[in-house]
Amino acid sequence: MTTTPGTLVLVPVGNSQQVGILWSLSEQPVWQEGKIRPVIDILEERPLLNGDLLHLLEWIAHYYLCPIGSVIAAAVPGHLRFHKR
């Protein structure tokens with residue numbers, strides 16, 4: 001499974017599955033083992049957010065000192081934040 005940053009994915013969160021946006025790829029994760037969740041499914045083949053938009057969203061989060069998740073939630077249409085199987 002190969003994909004690019006900005007792609008809409010399904011990931012495990014606790015006992016449920018949540019829609020997420022792949023932010024970056026790394027050969028060696030910098031987090032402790034067991035903290036990174038695997039991607040269960042790629043929901044869209046084409047990235048929802050391109051590299052320039054990802055950069056802008058990250059800048060907004062840093063500039064306004066708010067969580068990146070809040071910035072992404074404001075930028076992504078509501079119907080894309082939920083997944084029904």
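Take the contacts between residues at least 6 apart in sequence: 59% of them join residues at least 24 apart. Keep in mind that this is a predicted model.

Now the elements. The protein has two helices and three strands. Starting at the N terminus, the order is β-β-β-α-α. Of the 85 residues, 24% are buried. The accessible surface is about 6,700 Å², and carbon and sulfur atoms account for 55% of that.

Next, the inside. Which residues form the largest nonpolar core? There are eleven: Leu8, Leu10, Val19, Ile21, Leu49, Leu54, Leu57, Ala61, Val71, Ile72 and Val76. At least two residues of this core come from each of β1 (8-13), β2 (16-21), α1 (51-63) and α2 (68-75). Helix α1 gives the largest share, three residues.

Leaving aside residues up to four places away in sequence, Leu57 touches Trp23, Leu49, Ile68, Val71, Ile72 and Ala75.

Then threonine 7, in the segment before β1. Is this residue buried or exposed? Threonine 7 has 0% relative accessibility, so it counts as buried; the cut-off for buried is under 20%. A polar atom of its side chain lies 2.6 Å from the backbone oxygen of threonine 4. Again not counting residues up to four places away in sequence, threonine 7 touches Gly20, Ile21, Leu22, Ile42, Glu44, Pro47 and Leu48.

Now the outside. What makes up the nonpolar patch on the surface? Leu56, Trp59, Tyr63 and Tyr64 do, and together they have about 500 Å² of accessible area. Tryptophan 59 is in helix α1. Its relative accessibility is 46%, so tryptophan 59 counts as partly exposed; exposed would need over 50%. Helix α1, then, supplies residues to the core, and tryptophan 59 of the surface patch lies in that helix too.

Last, leucine 65. Where is this residue placed? Leucine 65 sits in the loop between α1 and α2. Its phi is near 50°, a positive value in a residue other than glycine. Why does leucine 65 count as exposed? Because its relative accessibility is 77%, and the cut-off is over 50%.

Terms used. Residues numbered from 1 in each chain as written. Predicted model: local features only at pLDDT ≥ 70, side-chain atom pairs only at ≥ 80, totals over all residues. Heavy atoms only, no water. Core = buried A, V, L, I, M, F, W, Y, C linked by side-chain atoms within 4.5 Å. Buried < 20%, exposed > 50% of the residue type's maximum accessible area, 1.4 Å probe, protein only. Helix = DSSP H or I, 4+ residues; strand = E, 2+ residues; numbered from the N terminus. Contact = heavy atoms within 4.5 Å. Areas by Shrake-Rupley, 256 points an atom, 1.4 Å probe, with all protein chains shown as cover. Patch = residues over 30% accessible without salt bridge, like charges linked within 9 Å, V, L, I, M, F, W, Y side chains within 5 Å. Salt bridge = Lys/Arg side-chain N within 4 Å of Asp/Glu carboxyl O. Polar contact = N/O pair within 3.5 Å; in protein donor to acceptor, adjacent residues only side chain to side chain.
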